[in-house]
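Keep the viewer open and turn things as we go.

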Amino acid sequence: KPIPGIPYNEVSVRGLLGDLPALARHVKDGGNFASYALSTVRALNSPLVQIFVRPFGKPNVLLADFGEARDLLLHRKEFDRSRVAGDLTKGFAHDHHIKLKTGEAWKSQRRLIQDLMTPNYLHNVAGPVVYQKARMLMDLWRIKAEIAGERPFEASDDVFRGALDGVMSFCFGERFRDTAMGPAIDALHELDRGAMELKHDGNPREPVKFHVPPLNAVLESIVTISETPLQVQGSPWPGLKWAFVLRNKRIAQAVEVKERYIHDELEAIVERLRASENDAEKSAVHHMVLRERALAEKEGRAPQYFSRVMIDEVFGFIFAGHETTSTTIGWGLKLLADNPHVSSKLRTVLRASFALAWSEARQPTMQEIARAHIPYLDATLEEIQRCGGTTPIIDREAVVDTQLLGQHIPKGTNVACLVMGPSMMEPGLVGEGTRTIHTDKGTKVKPWDPSNISSFDPERWIADKNGAEVFNPAAGPQLAFGLGARACYGKRLAYLQMRIFFSLLLWNFELLPCPPVLSDYSSGLVITNKPKHCYACLREVNSFK
Ligand code: HEM
């Protein structure tokens, strides 16, 4: 039954299936749930609309306005984490904190992973292992660029391997050695040099196809599990659907492999700590074991190193961190290749910022990259986040009867804030004065200039402070990581990974534009809003070690 006062498609309320038939047609034509939501907002020309995608369930409200979404996410206690995230992760990380409402239980669980996103931890512990994996990706692309000879090649699998290795290194530190990238590099070394001839064959615009080697059993299990939420998405009975999905032999085996792997890693750390306090390798898992030990001591109980919560929190890093980061890097590759003025300015800025590395003909170090103050780099990363739309929807649930944009929202309604719609990537639909009263008077974020709101322009994040360029993270609307208490936990790690990756990429390569057929911006929404085509066409600009 529609919520009075909120626009909807008239045809959707005529049948039992609501918007599902129209959504299915949209998907068949190459769209996805997020693009359907956006097209509905546009068709009804309203920043607040409702759609019916759960048979017998409540309508889903779509909110396409940054000002109102920001207020909701930052200040409104009437909204909390929705059931969607928990429903989608129930089958493989049942006890992860993502599903919890904001309160004592959530806070207490977050204590286990506290301090992992501090600059100190990121720069000194996580950064070096993440940097090492980014260097491996550059090595892989150096070989591919040489073989491809300025022809494009598929980049999404490489970027995916790089991001997966990055987040696994964050979790397990130096203990994680059986990487995704290793076999990809080995496969190139073993390649018959005759394959070098590829660069002279055929159409120079045709992509070069490289063999994609399989992942090891643990990494393969992560990929298998990460695909399962797609099967549950939209189900009116997620619990039942999970029971069915987990009966599949391949999926059940994948869950078993990942459980055993995480358990064994925890056990290894616990054993090393028992043997010698200073002997265990530092990593997120090591840090969690120390936190659990300290919390248990404080609470007068025995530590539970192998509890469901411990295992699910570890897997949460991997699940929440690998595809999001790899998708965002994929968008960044495309945007930088298609905007050579941005990539060449960034390269010039990087050379000036890492002047010592340039003069010594070497790669910038992890510490140089992490600590440098480079406003144009920060601005470019922010703009990649804005234009990529990796997580196009941020859900919240109304926990009491409330209002949005002056309309009644009943308790239990799921509100989906659109990250890419009006006011974000196209002019807004809301007139001043119609929003819910803002509690943060005086710090309201200014809207983007409508004349260039949809273009990729890092300069929008740059401000002038006493004649010097500074990066202004609050220059305008941005929802890429959500906002408020439940915003992305791993944001700082994601920025660090991107900072390292794009600095090294532009240090080593020029990104040549790919042929138009490989350069479109269509996307597929699985867990994230992924580019359908992600190719790289690289020219090495130096051969520094
Ligand atoms: C570019 C990469 C990433 C993007 C775009 C991204 C985006 C997001 C978004 C939009 C949310 C929901 C925010 C909200 O509801 O307000 C979220 C939540 C979360 N993210 Fe990320 N994320 C990224 C990387 C990571 C990484 C690397 C980790 C951990 C290693 C991580 C861990 C989490 C967790 C644990 C939550 C749930 C927080 C909670 O419910 O309290 N994310 N992320």
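In what order do the five strands of the open sheet run? Bear in mind that this is a predicted model. The order is E1-E2-E8-E5-E3, and the pairing is mixed. Strand E1 (48-51) and strand E3 (79-81) are the edge strands, each pairing on one side only. If you look at how neighbouring strands of this sheet sit against each other, they are turned by 35° on average, direction ignored.

Strand E5 (residues 393-398) and strand E8 (residues 414-418) run antiparallel and are joined by five bridges. A handy landmark here is aspartate 395, which stands opposite alanine 416 in E8. As a reminder, strands of a sheet pair through backbone hydrogen bonds, either parallel or antiparallel.

What lies across this sheet? Helix H2 does: it lies across E1, strand E2 (60-63), E5 and E8. Its direction relative to E1 is about 125°.

Next, move along to another pair of strands. Strand E9 (residues 462-465) and strand E10 (residues 468-471) are antiparallel too, with four bridges between them. They form a hairpin, and two residues sit between the strands. One of the turn residues, asparagine 466, has a positive phi of about 50°.

Time to zoom out to the domains. Domain 1 covers 10-89 + 392-471, while domain 2 covers 119-388 + 484-540. Taken over C-alpha atoms, their centres are 28 Å apart. Where they touch, domain 1 supplies 26 residues and domain 2 supplies 23 residues. On the domain 1 side, the elements giving two or more residues are helix H2 (33-44), helix H3 (66-75), helix H4 (83-89) and E10.

For a helix-on-helix contact, go to helix H15 (residues 340-353) and helix H19 (residues 491-508). Their axes come within 9 Å and cross at roughly 95°, which makes H15 roughly perpendicular to H19. H15 brings Ser343, Leu346, Arg347 and Leu350 to the contact, and H19 brings Ser503, Leu506 and Trp507. Sorted by class, the residues of this contact are four nonpolar, two polar and one charged.

Along its principal axes, the C-alpha trace spans about 65 × 60 × 55 Å.

Conventions: Residues are numbered from 1 along each chain as its sequence is written. This is a predicted model: local features need pLDDT of at least 70, side-chain atom pairs count only at pLDDT 80 or more; totals for chains, interfaces and linings use all residues. Axes are lines fitted to C-alpha atoms, for helices over the stretch in contact, and angles run from 0 to 180 degrees between N-to-C directions. Angles under 35 degrees count as roughly parallel, over 145 as roughly antiparallel, 65 to 115 as roughly perpendicular and the rest as oblique. Two residues are in contact if their C-beta atoms, placed from the backbone, lie within 7 Å. Ala, Val, Leu, Ile, Met, Phe, Trp, Tyr, Cys and Pro count as nonpolar, Asp, Glu, Lys and Arg as charged, and the others, Gly among them, as polar. Two strands pair if DSSP finds at least two bridges between them. Domain bounds come from an automatic or database domain assignment.
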